[in-house]
Structure formats: C-alpha cells, structure tokens
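This report walks through the strands and helices of one protein model. Please keep the structure open while reading.

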Amino acid sequence: MSRRVAVIGSGLIGRSWSMLFARSGCEVSMYDPEPDALVAARSRLADDLAELERIGLIADSREAMARISGTDVLEDALEGAGWVQENAPEVLEIKRELFRRMDAVVPGSVVIASSTSAIPCSAIANGLEGAGRMVVAHPANPPHLLPIVEVSGGPDTTDETVRHARDFMEGIGMAAITIRREMRGFVLNRLQVALLNEAFKLIEDGVVSGEDLDKTVKHGLGLRWSFMGPMETIDLNAPGGIRDYLERFGPAFAQIAEEQSEFRPWTEERYARLEAERRQVMAREELADRARWRDRRLLALVRDRNRAEDEHGT
C-alpha cells in the first residue's frame, strides 16, 4: 500500500490525524477548500509538532512537518493516496457529497474512511459504487494523543476492508477496535453519553455540583480508567473476580440502574442551566488556554504511560 495519505479537512481532527500519520512516516496531503484555513493549519501544525518533540514523542518535528503538504484542490490531495481520512463537518449531506466525489477519483483498492463521531457508515456510503471499501475510522479527540480508533463498516463494507483498516490503524500505532454491528455513536460515544446522562441528572437534582462531579471522575474513575477498562476494573475489585463482584454488588447496582433508566430530553433549558453553572467555574475567554493546558497534560500522560508500559506492561 502507498504510504501517502489524504487528509480531507484541516480542522482540529484533520490536523491531529495529519500529525499522527506524519509521525508514523506517511506522506500527508491535507485538503481544505479554503486556502486561508490551510495556512492557519500549517502554522498550528508546526507549533504542535514542536511540542511533541519537546516532550519526546517524536524525534524531529521539522522532519515530520516536511511530510505534510496542503492543497485546496481535492483531486490533488487524493492523487497517489493509499488511505483517505475524511474530517468534514458532522453533516450527512456534506459527507455523502465528498464521498461521492472521492469514490469517482480514488482507485477501488484504496480505503476511504470517515472520522464521523456518530453517523453510521451505511448512511454515508449507501448507494455509492465503492461502498464496499468505505468505513468509519472514528478517533477520540485528539487522535495524535489518544490512540483509540473505532473501525465500523456498513452492510456493503467488505470484511477485507475492515481487516485492512484495522491493520493499517494498528500499523501507525493506534489501538483499533472493530464495531461488529453498526450502531449510531459506535462504542466510545455511547459510553460517554451514558455517563453524561447520569452526570446531568445528578447536577440537575441537586445531588452534586458540576465542579465536584468532575472531581469524582478526575480523581476516581478516571485514574483507574486511564490504564484499564471497566470490565478489568470490576474483575480486580473483588477477590474472586468479576462473578464475585457481581454477586456482591449486583442487587444494589441493579436498583441504581432502575433509577437511572428515566429518560430526560436534551433541551435548550438543560443547555442553559449547564452553561450557566460551567461559566461560573471557567469564563468563556479562558477556554482556549485551558484546551492548550489539556493537550499539554495529555502529552505528559502519554509520555508517562509509555514509560510505565515499558516497566510494568500493558
């Protein structure tokens, strides 16, 4: 397979994919229809790659940057690509039109993948001639720091395409999972939505403030989940393993699950309440700086996790 990758879209996710691909030795052609957006993206990429070098996650940021080019002509970005990663806005019509155009240009042996967070592959690829080579490859944000990627095909996607997509992602250092049955939101976002639903209820019902809820995840669940998942967590939280855990806590947790089953619509009123509380904790003007702080913390966590895995295993 060609080591040339086309990244469609130069926004946050497109830039992050570009860094990941370049870090893995791929030649990256980044497409955006707006030339000014490409200029801004390249400036941000240079800064972000320099930060990766400073923290020790890449050897030479300038060498990685030299592997990334930009163009406002879609066909130029696709020329010679062995993998295509689409990162357009989360609007089905936009993605379908892009996939239609790419399907007409890209050779049939090349996988075309979408970074969509929730749209099923079938909705994007339905009726297109090359639907068999189309998948969703959904990352967490940002993918160059969070190595999970969910590979999900549609009814027309071939098994070979899914296998190839997973192998390619693992080859560039991602922890790939296969979605066995197409479902809106895949796995990561469905888990996130489940936690958010309960978090919103606890805040709305006056059980806890949003700030204290964040502390609960940050200093409790999040620490454990940073290096093992919920299945392993409960398997280790009782002397006899997962069955012992379920027999000990199952009846009480089943009652909690019943209480959690109430559905509350996501409404403008809810958005306003949560926004008002959150803005008391952090002003809107602070968000950009805090996002940069988040990325620096993630960089440090990735570095330290790599060291811990070398010493203690995964």
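## Sheet and helix packing

Strand β6 (residues 134-139) is joined to β7 by 4 bridges, and the two run antiparallel. The model is a predicted one.

Strand β7 covers residues 148-152. Is β7 mostly covered or mostly uncovered? β7 is mostly covered, with 4 of its 5 residues buried. β7 also pairs with β8, here in the parallel sense, over 4 bridges. V151 takes part again: its bridge partner in β8 is T178.

Now to β1 and its two partners. Strand β1 spans residues 4-8 and runs parallel to strand β4 (residues 83-86), joined by 4 bridges. A6 has V84 as its bridge partner in β4. β1 also runs parallel to β2, and 5 bridges join them. Here R4 has E27 as its bridge partner in β2. β1 is mostly covered too: 4 of its 5 residues are buried.

The pairings described above are set out below.

| Strand pair | Sense | Bridges |
|---|---|---|
| β1 and β2 | parallel | 5 bridges |
| β1 and β4 | parallel | 4 bridges |
| β6 and β7 | antiparallel | 4 bridges |
| β7 and β8 | parallel | 4 bridges |

Two packed helices are described by the angle between their axes and the distance between the axes. For helix α1 (residues 12-23) and helix α2 (residues 35-55), the axes come within 10 Å and cross at roughly 50°. That angle makes α1 oblique to α2. The crossing is right-handed.

Which residues make the contact? From α1 come R15, S18, M19 and R23. From α2 come A41, R44, L45, D48, L49 and L52. Sorted by type, the contact residues are 5 nonpolar, 1 polar and 4 charged.

Note on methods. Residues numbered from 1 in each chain as written. Predicted model: local features only at pLDDT ≥ 70, side-chain atom pairs only at ≥ 80, totals over all residues. Heavy atoms only, no water. Axes fitted to C-alpha atoms, helices over the stretch in contact; angles between N-to-C directions. Parallel < 35°, antiparallel > 145°, perpendicular 65-115°, else oblique. Left-handed = near helix turned anticlockwise from the far one by under 90°. Contact = heavy atoms within 4.5 Å. Nonpolar A, V, L, I, M, F, W, Y, C, P; charged D, E, K, R; others polar. Pairing = 2+ DSSP bridges. Buried < 20%, exposed > 50% of the residue type's maximum accessible area, 1.4 Å probe, protein only.
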